[in-house]
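Here are some notes to read beside the model. Please keep the structure open and find each element as it comes up.

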Amino acid sequence: MRGLSRKELTMKIGVVGAGIIGTSIAYHLGKAGAQVTIFDIGGPGDGVSSKSFACLNAFGQPAADLPFRLEAIRYHSTIARELGSERYLHITGTLRLGTVEGEAAKITANAKMMREFGGDANSLTGSTINELEPLVQAHRPIEGVSVPEEGWVDAKGLSRRLVHVATRNFDVRFRRLRVLRIGNDGLKPWVNYDLGTDLFDCVVLAAGSDTNPILQASNLTPFPIKADPGALREVPCHNESRGLGHVVYADSFHVRPSDRGGLLAGISPLVDDLQSSDRFEKESKAILDTGAEWIDRFAEMPGTPVLGIRSVTADELPILGRLEDANHIYIAVMHGGITLGPLVGRLVANEVVNEQASDLLARYRPSRFGNNATCAPATVSSSEDRRVAPMGPNASVEVQRDISLLKGEISLIRSTPPAPVWLGDTIRQSLAHVAEQANIGEIFRAHRFRGTEPDREAGAGWIAGRLGTAPAIDRMITTNGTQNALFLATLATTREKKVIAVEEIGYYAFRNIAALLGVTPRAVAMDHDGMLPDAFDKACNDGNVAAVYLQPTVHNPTAYVMSVERRQELAAVARRNNVQILEDDVYGLLPENSPIAISALAPELAWYATGPAKCVAPGLRIGYLVAPTAQAAAAAFAPVSTVTTWHVSPLVAEIAQQWIRDGTMGAIRDAIRAEVRTRQAIAAATLKGADYLSHSESIFIWLRLPSDTTEEKFVASARSRGVILRPGSMFWVSPPKQIDRIRVVLGSPDSAREVRSALEVIGSILH
Ligand SMILES: Cc1cc2nc3c(=O)[nH]c(=O)nc-3n(C[C@H](O)[C@H](O)[C@H](O)COP(=O)(O)OP(=O)(O)OC[C@H]3O[C@@H](n4cnc5c(N)ncnc54)[C@H](O)[C@@H]3O)c2cc1C
């Protein structure tokens with residue numbers, strides 16, 4: 001958080017669902033200063049909110065919920081004034097009428113309870129009922145109560161108004177998109193929809209009866225929610241009377257003025273053992289039959305059946321709170337949502353933005369179902385249950401496995417980043433997008449050489465932050481990866497002298513590149529801040545050193561990030577000895593805040609190489625090389641310009657360009673960064689007391705082994721318990737006799753859970 005309080009930062013929140021619940025939450029989030037995106041397949045309020053009886057009711061609710069309901073009804077008036085939407089709100093009062101024995105007794109008891117909780121409930125006689133509602137036939141002995149605070153609302157009108165006011169006054173936008181999945185890789189939740197994926201600080205799932213299908217598609221634990229069809233009957237108008245003034249509940253039948261000036265009638269849900277289709281049919285018929293008992297010739301009035309799907313939880317209470325199996329995902333689903341929506345919106349927004357749990361919501365937490373859901377503010381460890389795992393038939397795209405792994409083995413050797421679960425979908429969408437381009441044929445026919453100008457412009461924008469400013473594109477070569485960039489830079493700088501200075505411990509593959517080119521690496525002493533300037537100076541004494549290879553930002557394998565002072569000192573030594581600098585910044589784009597690249601401190605000497613392998617995906621075979629000058633870049637590329645294996649692949653270059661321009665590259669990097677932080681936090685907790693070097697945004701750690709073991713024994717012991725490690729010796733230019741370090745990659749396992757399991761094995765071998 002870089003010293004800023006949560007409130008000072010703009011929270012980015014995605015709300016899935018624009019029913020009364022989603023729109024109320026989005027409105028209040030926007031009002032609280034959050035940047036909100038609402039997603040819905042249709043328009044605001046088009047879901048069950050527009051197919052609801054939509055009575056604002058508290059009468060008959062259990063004592064534990066009554067105060068909440070009453071406050072919710074009262075809040076409707078506040079929000080209507082705030083939005084200027086009074087025309088949708090009808091606090092007409094309800095009439096509660098009972099003729100059958102059980103119903104009448106219930107009405108008496110409920111009226112008493114209502115009064116105990118500070119609500120009004122006034123007894124009615126038969127004649128008063130007739131006066132109040134001449135349309136209702138109340139000729140039988142009857143128990144009657146009026147509840148003046150209750151009424152009804154045009155829920156679709158209110159939902160639309162909430163979106164209208166929020167999008168005009170706050171940082172809220174509405175996107176008409178179908179959400180496919182939601183999830184969380186590490187600390188950043190995301191919403192995956194038909195056309196792409198957006199990252200947020202929090203995602204609120206308010207998708208009504210689609211809540212469980214979305215959770216299931218997202219590999220998250222569903223809740224015991226029944227999608228219960230409910231029938232209403234809308235009667236367009238009633239010519240023979242002045243219509244209704246109240247909402248009337250008469251035994252199991254209920255009726256109110258409709259949003260369009262006619263009547264809307266419903267029935268209490270019928271007994272439970274009905275199939276969904278039977279229920280709708282039987283309830284529709286029961287509305288006609290019982291309606292006819294209360295309203296003259298009701299069954300003969302032309303009308304339309306309306307089907308709405310209730311989301312009824314196992315205990316019939318709302319579910320409101322964060323999920324534990326997915327950090328920063330908040331669920332809001334309920335029956336009775338028209339009554340509760342606006343107040344719930346205010347309380348949920350406050351919980352999400354200010355992380356203050358509301359006592360009023362304590363009864364409705366997801367955790368009561370005993371699955372892994374809770375209201376507690378998100379914690380680092382809670383994300384580990386969420387597998388960063390493949391889904392769907394093409395899942396292998398998203399997983400980086402070691403081919404040689406046996407079942408159950410976990411490999412911590414490949415320095416690859418974790419993959420967000422939505423990466424596969426994003427790749428598929430990007431491939432489709434490239435395929436749709438009008439000039440697709442041309443793209444595949446033309447040689448790309450060192451990258452087209454748009455390729456290099458996109459790359460320059462991507463690395464500008466590391467170099468202080470975007471490099472001129474004539475200094476750039478687009479390559480097939482960072483190693484290719486390093487190869488070209490080594491080739492370019494070692495034409496005469498054949499020695500490159502390297503740190504005594506470092507990236508072994510660079511030494512392999514040097515070997516291919518007949519170049520000798522000269523080991524230079526280092527400390528925890530990288531290569532020692534004096535030792536470097538000394539190494540240059542014989543005048544044979546052509547260049548120095550440095551990886552100053554998250555050094556592989558020790559994970560140090562070199563200080564700016566050391567960068568300046570090394571640049572000064574290089575300048576004094578006329579030695580070129582080969583800067584490998586492949587890890588430099590992952591940390592949120594890294595010191596500026598050494599290439600920016602000595603641009604006249606420096607060759608800057610990077611690519612997305614460690615912060616996006618190694619399979620995106622692209623890299624960027626920035627030479628000291630345009631002439632140097634042209635000369636570096638000249639020897640390979642006719643060797644087309646050195647040309648960047650057109651398909652990959654097109655995707656990289658697109659991803660940089662539309663922010664996908666940044667979104668993937670952010671998701672990986674968040675997951676890496678989580679995995680580092682797991683390492684800190686699991687390897688407590690162990691001696692290792694690392695950085696909170698590094699995909700590996702450099703672990704010291706106990707003095708009573710050897711590297712071989714340690715690696716073998718881990719392997720025997722299913723954990724595959726890479727020996728530390730391969731990172732030394734000249735390995736000492738006793739190797740006491742190994743590199744442990746946290747990025748390569750599929751999930752944070754696997755990282756924890758593997759680290760637990762390592763921890764037990766260490767102790
Ligand atoms: C017959 C009946 C009578 C009722 N009577 C009352 C009453 O008298 N009083 C009361 O308070 N409540 C009543 N209710 C309940 C009330 O209508 C609901 O609780 C409330 O409307 C729920 O609002 P919501 O925002 O959760 O759901 P919805 O209004 O259904 O909103 C969910 C939204 O999510 C969107 N969505 C779903 N899946 C996706 C996806 N994959 N991608 C993008 N968007 C998606 C949908 O398009 C929808 O707009 C009644 C319900 C029924 C069916």
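1. In this predicted model, strand β29 (residues 606-610) pairs with β30 through three bridges, and the pairing is antiparallel. Look for Ala609, whose bridge partner in β30 is Leu625.

2. Strand β30 also pairs with strand β22 (residues 476-479): four bridges join the two, and they run antiparallel. Here Thr478 stands opposite Tyr624 of β30.

3. For the chain of 767 residues, the buried share is 57%.

4. A separate point concerns an open sheet of four strands, ordered β31-β32-β35-β34 with antiparallel pairing. β31 (692-693) and β34 (726-727) are at the edges; each has a single partner strand, so one side of each has no neighbour in the sheet. Strands β32 (residues 700-704) and β35 (residues 741-745) are joined by five bridges in the antiparallel sense. As background, strands of a sheet pair through backbone hydrogen bonds.

5. Now turn to the ligand. Which of the 35 residues around the ligand come nearest? They are Asp40, Ser49, Val179, Gly337 and Thr339. By type, the shell around the ligand has 18 nonpolar, 13 polar and four charged residues.

6. A polar backbone atom of Gly337 is 2.8 Å from an oxygen atom of the ligand, and one of Gly19 is 3.4 Å from a ligand oxygen. For Ile41, a backbone N or O atom is 3.3 Å from a nitrogen atom of the ligand. On its own the ligand has 1,000 Å² of accessible area, and the protein covers 93% of this. Elements that give two or more residues to the shell are α1 (20-31), β2 (35-40), β14 (225-235), β18 (304-313) and α8 (337-354).

7. Why is the ligand said to lie between two domains? Domain 1 (1-47 + 64-83 + 154-224 + 314-383) and domain 2 (94-148 + 226-308) both give residues to its shell, so the ligand lies between them.

8. For the chain as a whole, the count is 21 helices and 35 strands. The C-alpha trace spans about 115 × 60 × 45 Å along its principal axes.

Definitions and conventions
Residues are numbered from 1 along each chain as its sequence is written. This is a predicted model: local features need pLDDT of at least 70, side-chain atom pairs count only at pLDDT 80 or more; totals for chains, interfaces and linings use all residues. Side-chain values use heavy atoms; hydrogens and water are left out. A residue is near a molecule or strand if one of its heavy atoms lies within 4 Å of it. A polar contact is a pair of N or O atoms within 3.5 Å; within protein, one must be able to donate a hydrogen and the other to accept it, and residues adjacent in sequence count only if both atoms are side-chain atoms. Accessible areas come from the Shrake-Rupley method with a 1.4 Å probe; for residues, only the protein chains shown count as cover. Ala, Val, Leu, Ile, Met, Phe, Trp, Tyr, Cys and Pro count as nonpolar, Asp, Glu, Lys and Arg as charged, and the others, Gly among them, as polar. Domain bounds come from an automatic or database domain assignment. Two strands pair if DSSP finds at least two bridges between them. Buried means under 20% relative accessible area, exposed over 50%, partly exposed in between (1.4 Å probe, protein chains only).
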